[in-house]
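Please read the points below with the sequence and the coordinates to hand.

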Amino acid sequence: MLKVQNYINGNFHDPLLNKWLNNYCPANGEIYGSIPNSSKEDVDNAYIAAQSAFPSWSQTTLEERSHILIRISEGIEANLDRFAEMESKDNGKPLSLAKTIDIPRAASNFRFFAHAITQFSSESHQSIGLDAVNYTLRQPIGVVGCISPWNLPLYLFTWKIAPAIAAGNCVVAKPSEITPATAYLLGDICNEAGLPKGVLNIVHGLGSTTGQAIIEHPDIKAISFTGGTKTGAHIAKTAAPLFKKLSLELGGKNPNIIFTDCDYKDMLETTVKSSFANQGQICLCGSRIFVERTIYDQFKTDFINKVKHLKVGHPSDYKTDIGALVSKSHLEKVLSYVEIAKKDHTILCGGNKVTVEGYENGYYLQPTIIEVNTNDCQLNQEEIFGPVVTMMPFDTEDDVLQMANQVKYGLSATLWTNDLKRTMRLSNQLQAGIIWVNTWMLRDLRTPFGGIKASGVGREGGFEALRFFTEAKNVCIKY
Ligand code: NAD
C-alpha cells in the first residue's frame with residue numbers, strides 16, 4: 001500500500017487532523033493506497049514554510065536557481081521508470097505513454113525554465129525630452145499557489161511549479177486528489193537536487209477542503225490553476241475580491257477541421273491520436289471532428305476501421321493503446337453521454353464498457369465515434385473528456401467556421417488543409433488560444449499556452465509564465 005504524505009519544509013508529514021482518503025487504481029478498481037485529506041492547518045503550515053524560505057530564495061542568483069532546476073530535471077530522468085509506473089498505476093494511462101510523454105515532459109519543464117530564467121529580462125524606456133529614464137523590475141510575487149488536475153498529473157503540476165520557483169517565488173502546491181503519487185515522489189527529488197527547504201511545499205487533499213484553503217489564504221498572492229471550467233469560475237469568484245493574480249487553464253471542446261485538400265494519410269493517423277490519446281482525457285483533444293462533405297464517407301470508413309483496431313487493455317501491457325479511465329465516477333459520466341447518443345444520434349463505433357481479463361473491475365471503455373447532425377447538441381457543446389468523439393460533415397468554409405466557434409469554449413483548434421490563404425483566414429478567425437495546422441500537440445515550450453472564452457484566462461509557457469509569476473514595478477529616474 002502506498003501512503004502518500006504532505007511535503008512541507010523539505011520533510012514528509014501526515015495531515016495534522018489525521019484525515020485520509022483512499023487512492024484507487026483505475027486498472028483494477030482496487031484501493032492501493034491512502035492520501036492525506038489536508039485541512040486548513042496543513043495549508044497554513046505549508047504557507048509558513050514557504051514564507052520563511054522566500055527572503056533567501058528570492059535573492060538566490062539566477063545561476064544557482066538554474067542549477068537546482070536542472071538537477072531536479074535530471075533526478076526525474078534518472079527515476080523515469082519509477083515515475084512512469086506510478087503515473088500509469090495512479091491514472092490508468094498506458095505505461096508506454098507515461099514513459100514517453102508524461103514523465104519526459106515533466107523533466108523538460110524543469111530544464112526549460114532553468115534556461116528560460118537566465119534569458120528573462122525586463123524593459124527600460126528612455127523618456128526623451130523629459131530627461132528621464134524608466135526601467136522595469138520584475139520581482140517575484142512571494143508565496144504562490146499551484147493547483148493541477150488528474151489527466152496529465154506530473155506534466156501539468158511541474159508546468160506550474162517550475163516557472164514559479166525559477167522566478168524566485170515559494171510555492172504551496174496541490175495535485176489532484178485522484179492522482180497524487182508522482183507529486184509525492186517529486187519531494188525526494190527536490191531534496192536530492194538541493195532545493196532549499198520550504199521553496200516547494202506539496203499538500204494533498206480534496207479540492208473543497210485543501211484546495212479551498214489555498215485559494216482563500218489571504219497571503220497566497222497568486223493562483224495558477226488548471227482544471228474544469230466550473231472550478232475555475234469558483235476560484236475566480238473566491239480569489240478576485242482578495243486581489244490575487246490568477247491564471248486559469250480550463251476545459252475545451254476543440255474542433256478538428258478537415259478539408260479535402262489535406263494530406264489524407266497524415267491527417268488520419270493524427271486524428272486517431274487527437275481523438276483518443278490518453279483515453280481522450282487531454283484538454284486539447286479534438287473532440288468535435290468536422291469533415292468536408294466531399295471526403296466525408298471515405299473518412300468515416302477509414303477512421304472507423306483504424307479506431308476498431310485500437311487495443312483497450314491493461315495500462316502496463318505494451319500493446320495497449322487505450323488504458324483505463326481515471327475513476328469510476330468519471331467512467332459513469334462519460335457513459336451518460338453515450339446514453340444520450342443512443343437516443344438522439346448514431347454510434348458508429350464503440351460505446352461499450354470493456355472487460356479486461358484479470359482486471360474485471362477496471363474502468364475500461366471502447367473508443368467511441370458518434371455521428372451527430374447538428375453542432376447545437378449536448379454532445380457537441382459539453383466537454384465529455386473521455387474516449388468519445390463526434391463527427392459531422394460540412395459544406396463551406398463559412399459553415400465550419402461558424403460551427404467551430406459556436407461553443408462556449410476556446411482552447412485549441414486543429415486545421416487540416418494545404419490552402420495557405422484558407423489557413424491564414426481561418427487561423428485569424430477561429431476563437432481559440434492555440435491553432436494547430438496540419439499537426440496536433442506539437443509543443444514548443446516557448447509559445448504562449450492557454451484558452452479564451454470559458455477555456456481560461458491568462459497564458460502559460462515561456463516568458464508568459466515568468467511574467468505571470470512576477471510583478472512588474474516601474475522605476476522612473478529624472479536626470
Ligand atoms: P477539477 O476542476 O475537478 O480539479 C482540478 C484541481 O482543482 C484538483 O486538484 C482539485 O482538487 C482542485 N479543486 C477542486 N475544487 C477546488 C476548490 N474549490 N478550490 C481549489 N481547488 C479545487 O478538474 P479535473 O477533473 O481534475 O480535471 C479535468 C478538467 O481539467 C477538464 O475540464 C480539462 O479540460 C481541464 N484541463 C485543462 C487544461 C488546460 O490546460 N486548459 C489541461 C488539463 C486539464
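This is a predicted model: local features need pLDDT of at least 70, side-chain atom pairs count only at pLDDT 80 or more; totals for chains, interfaces and linings use all residues.

1. The seven-stranded sheet. Seven strands make up an open sheet with mixed pairing, and their order is β15-β16-β17-β14-β13-β19-β20. Its edges are formed by β15 (346-349) and β20 (434-437), each of which pairs on one side only. From one strand to the next, the twist averages 25 degrees.

2. Four bridges link strand β13 (residues 255-258) with strand β14 (residues 288-292), and the two pair in the parallel sense. For a point of reference in this pair, Asn256 has Ile289 of β14 as its bridge partner. As background, strands of a sheet pair through backbone hydrogen bonds, in either the parallel or the antiparallel sense.

3. Helices on the sheet. Helix α9 (residues 264-276) lies across β13, β14, β17 (388-394) and β19 (412-416), and its direction is at about 170 degrees to β13. Helix α11 (residues 328-344) also packs on the sheet, where it touches β15, β16 (368-371) and β17. The direction of α11 makes about 35 degrees with that of β17.

4. The three-stranded sheet. A further open sheet of mixed pairing has three strands in the order β1-β5-β4. Since β1 (2-3) and β4 (20-25) each have a single partner strand, they stand at the edges, and one side of each is left without a neighbour in the sheet. Within this sheet, β4 pairs with strand β5 (residues 30-36) in the antiparallel sense over six bridges. Cys25 has Glu30 as its bridge partner in β5.

5. A hairpin. Strand β6 (residues 124-127) and strand β7 (residues 132-140) run antiparallel and are joined by four bridges. The bridge partner of Ser127 in β7 is Ala132. Between the two strands of this hairpin there are four residues, and Gly129 takes a positive phi near 85 degrees.

6. Helix α3. How does the span of helix α3 compare with the 16 Å that its 12 residues should cover at 1.5 Å a residue? The end C-alpha atoms of α3 (residues 80-91) are 16 Å apart, which agrees with that value. Its buried residues are Phe83, Ala84, Met86, Glu87, Ser88, Lys89, Asp90 and Asn91; they pack against β4, α2 (62-78), α4, α5 (153-166) and α6. Gly92 follows α3 and has a positive phi, near 90 degrees.

7. Helix α6. The 13 residues of helix α6 (residues 181-193) reach 19 Å from the first C-alpha to the last, close to the 18 Å expected at 1.5 Å a residue. Its buried residues include Ala181, Tyr184, Leu186, Ile189 and Cys190. After α6 comes Gly194, with a positive phi near 85 degrees.

8. Ser96. This residue belongs to helix α4 (residues 95-119). Ser96 counts as partly exposed because it has 18 C-beta neighbours inside 10 Å, whereas a residue needs 20 or more to be buried. Glu85 lies 11 residues away along the chain, and its C-alpha atom is separated from that of Ser96 by 9.4 Å.

9. Most residues other than glycine have a negative phi. Phe243, although not a glycine, has a positive phi of about 55 degrees; it is found in the loop between α8 and β12 (245-249). Phe243 counts as exposed because it has 8 C-beta neighbours inside 10 Å. Met441, another residue that is not glycine, has a positive phi near 65 degrees and lies in the loop between β20 and β21 (452-453). Met441 is partly exposed, as 17 other C-beta atoms lie within 10 Å.

Terms used:
Residues are numbered from 1 along each chain as its sequence is written. Two strands pair if DSSP finds at least two bridges between them. Axes are lines fitted to C-alpha atoms, for helices over the stretch in contact, and angles run from 0 to 180 degrees between N-to-C directions. Two residues are in contact if their C-beta atoms, placed from the backbone, lie within 7 Å. The expected span of a helix is 1.5 Å times one less than its number of residues. A residue is buried if 20 or more other C-beta atoms lie within 10 Å of its own, exposed if 12 or fewer, and partly exposed in between; C-beta atoms are placed from the backbone.
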